[in-house]
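Student: I would like to see how the labels on a model follow from its values. Can we take them one at a time?

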Amino acid sequence: MRLRLLSIIISATFTAALAHARATAFIDVQREVDQAAAAFQNFDRDQDGTPEIRTLKRLAGEKGRGAGTVLVLVESRLLDRKPGLTDLRPALATFGKDIANGGPNAFVLETSFYDGPEHQDGLTLIAYRDFLRRLWLRIKDFEGVILVGNFPQPFMVRQYAWRRDDPVTLFAGTKSEISFNQPWMRDVAEPVVSPADIVLADLDGRWDRLYIRQPTNIADLYAVFPQGSDTTQNWEMKDERYEDFFMVEDGPWTERDLGGHNMRFTFDPEPNEECTESDKKLPNPLALPEIAVSRINAYHAGVMPDPKIRGVKGEGLLDDNGKPETVEFSDAKSVPNPMNLWVPSAALERTLLVQYFARNHAYRTGKYDSVLGASAVSTDLGSDYDDLRKNVPGWKNLSPSEFLEKDITITDVAKWMEQPELVREIRAHSNPVLSEFGRPRDLAALTAATGGQPWYWTREGDKLVPSLQGIGGAMGFGFLRTLYENRALPDNGVLYFHTGCEATRPLEAENEPFNAPGYGRWQLAECTMMYGNGLALIGRGKVFYDEPREFWKVLGEGGDYGDAWKRYFQVESQDAQLAKDGIGRKRTYFWSLLGDFTLRLPNVLLKGAQPGSGKY
Ligand SMILES: [Ca+2]
Ligand SMILES: [Ca+2]
């Protein structure tokens with residue numbers, strides 16, 4: 001114990017010394033960034049001979065007008081100058097200057113990372129986390145990082161003990177199957193979230209120790225207890241197998257075999273191993289982010305119809321003018337699945353990014369100043385639209401009729417998207433590729449409302465026909481791509497607040513590395529950002545029912561998307577009541593940011609601000 005105390009004292013002294021040494025002058029901050037980048041070139045964190053970070057080099061450094069420092073990490077792949085690919089450098093240079101005009105120092109770095117067959121996304125991210133942690137320790141007011149490109153995304157599994165009293169069946173589907181109607185405990189390792197960007201943003205937590213790379217079986221327990229007892233004959237253990245994951249093990253139990261299949265189970269307090277000692281003392285122990293993280297990724301939206309798909313007469317999915325056309329196959333069985341018609345396009349990915357940065361610049365320089373409204377769409381799930389109106393001074397008098405709900409169809413959503421708004425809230429039953437609204441009452445009306453030319457193919461017998469029939473009521477890839485291609489949306493940037501389940505989760509996050517075909521296909525939040533004129537988006541990577549508390553309060557006070565995301569962790573960590581909710585108490589981990597986390601609402605909407613003062 002004495003030894004341990006001594007090490008705590010030494011580390012506290014060391015941290016204090018570092019805090020004193022923290023760089024503040026721009027030139028010192030820039031030196032820290034350059035030295036850190038040099039130190040992390042060819043960084044092989046697990047010393048297996050293959051670097052996780054290959055290259056890391058500063059492209060630009062801009063002195064901020066105010067406080068703070070922001071990093072923009074750009075995938076080197078997006079900077080090569082192959083023919084037919086737009087040069088992203090001018091847009092990135094402008095982006096750096098714009099961030100600096102808004103306050104913080106901005107450093108734009110290019111980087112390349114492990115992109116081979118091994119499933120090691122979490123390891124690559126830990127390498128970047130080490131780099132960010134070094135900067136956080138040395139740079140005062142380090143605010144966060146914006147990842148531009150197709151970076152790996154952390155995948156988190158969490159196990160916790162869930163005491164329940166609903167009916168339960170053990171050994172389902174076997175001849176030992178037996179059902180109960182009495183209290184039981186479910187202690188299961190569940191895939192909870194991807195992207196779990198808290199891993200990158202919490203820089204004093206212990207995520208590196210929670211990472212498991214190799215395929216690993218984790219035991220689950222289902223145990224039914226007689227009233228008031230911790231001993232039972234009725235229990236079942238199973239396995240879950242995961243790989244390349246961050247394991248939050250909050251459900252440890254001990255078991256004692258009493259003979260005759262009798263077991264005594266004791267469920268230990270949640271260890272919160274990812275948390276620091278001070279996090280563990282919070283009313284609701286939670287890992288708190290030190291910085292903000294957001295992602296600008298057009299890889300999954302940057303797809304084109306596969307030119308290799310040909311019909312019986314040699315016709316392709318696009319005609320000579322580049323417009324969708326009907327393709328006829330030899331029989332119905334030969335018609336490909338409409339989800340499998342699209343292939344990555346480096347050219348479109350680059351174009352979408354250039355458009356994103358142009359939109360960002362236009363917003364920051366006041367080009368969209370006439371568009372200041374906020375509007376919400378929901379199905380039967382309600383909305384926090386009143387919360388938004390209450391917290392943002394400029395929206396106090398917004399009409400409640402801006403909130404569209406109940407019985408709305410995808411055609412209504414198209415018309416809603418075509419009304420210029422600065423903020424859009426979307427709440428609907430969702431999954432990683434779509435939000436579900438009502439089917440169109442009239443397909444022709446939907447087609448007209450989305451601009452006339454469907455950019456989606458529906459199967460009809462032995463043909464693939466350009467038609468939105470196949471999307472049903474889904475606000476997803478086909479719908480958004482059609483709006484984008486037809487230039488049907490108003491020319492202004494949009495701040496999204498997306499509370500649909502799994503809106504940010506990449507398909508296959510639980511099974512595949514980030515570079516596998518099919519990983520992240522038709523990713524809903526990314527398509528919303530890239531096709532739907534997004535500037536920033538907050539969304540959830542899991543099925544759940546919450547929304548970030550005090551989000552609009554922070555934005556209404558002049559905070560940025562990163563501040564608002566971080567506030568949610570603060571609020572929830574102070575909630576002692578929530579601490580009793582096994583899964584719900586760490587629901588903040590499910591949320592992440594897309595786009596540019598440094599964006600704020602225009603001053604004209606904030607309390608006491610003067611119109612036209614223009615700092616976003
Ligand atoms: Ca390695
Ligand atoms: Ca922390």
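Tutor: We can; note that this is a predicted model.

Student: Why is Gln153 counted as buried?

Tutor: Gln153 has 27 C-beta neighbours inside 10 Å. The cut-off for buried is 20 or more, so Gln153 counts as buried. Gln153 sits in the loop between strand 4 (142-148) and strand 5 (156-164).

Student: Which residues is Gln153 in contact with, leaving aside its neighbours within four places in sequence?

Tutor: They are Asp121, Ser194, Pro195, Pro506, Ala509 and Phe514. A contact here means C-beta atoms within 7 Å.

Student: What makes the span of helix 3 close to the expected one?

Tutor: Helix 3 (residues 89-101) has 13 residues. The expected span is 1.5 Å times one less than the number of residues, which gives 18 Å for helix 3, and the helix reaches 18 Å from its first C-alpha to its last.

Student: Which residues of helix 3 are buried, and what do they pack against?

Tutor: Ala91, Leu92, Phe95, Gly96, Asp98, Ile99 and Ala100 are buried. The buried residues of helix 3 pack against strand 1 (53-62), strand 2 (69-75), strand 3 (105-113) and helix 8 (346-364).

Student: How do you know that strand 18 pairs with strand 26?

Tutor: Pairing needs at least two bridges, and 2 bridges join strand 18 to strand 26 (residues 463-466). In strand 26, Leu464 is the bridge partner of Val327.

Student: What is the order of the strands in this open sheet, and which are at its edges?

Tutor: The order is 18-26-25, with antiparallel pairing. Strand 18 (327-328) and strand 25 (457-460) are the edge strands, because each pairs on one side only.

Methods
Residues are numbered from 1 along each chain as its sequence is written. Chains are lettered from A and ligands numbered from 1 in the order in which they are written. This is a predicted model: local features need pLDDT of at least 70, side-chain atom pairs count only at pLDDT 80 or more; totals for chains, interfaces and linings use all residues. Helices (H or I, at least four residues) and strands (E, at least two) are DSSP runs, numbered from the N terminus. A residue is buried if 20 or more other C-beta atoms lie within 10 Å of its own, exposed if 12 or fewer, and partly exposed in between; C-beta atoms are placed from the backbone. Two residues are in contact if their C-beta atoms, placed from the backbone, lie within 7 Å.
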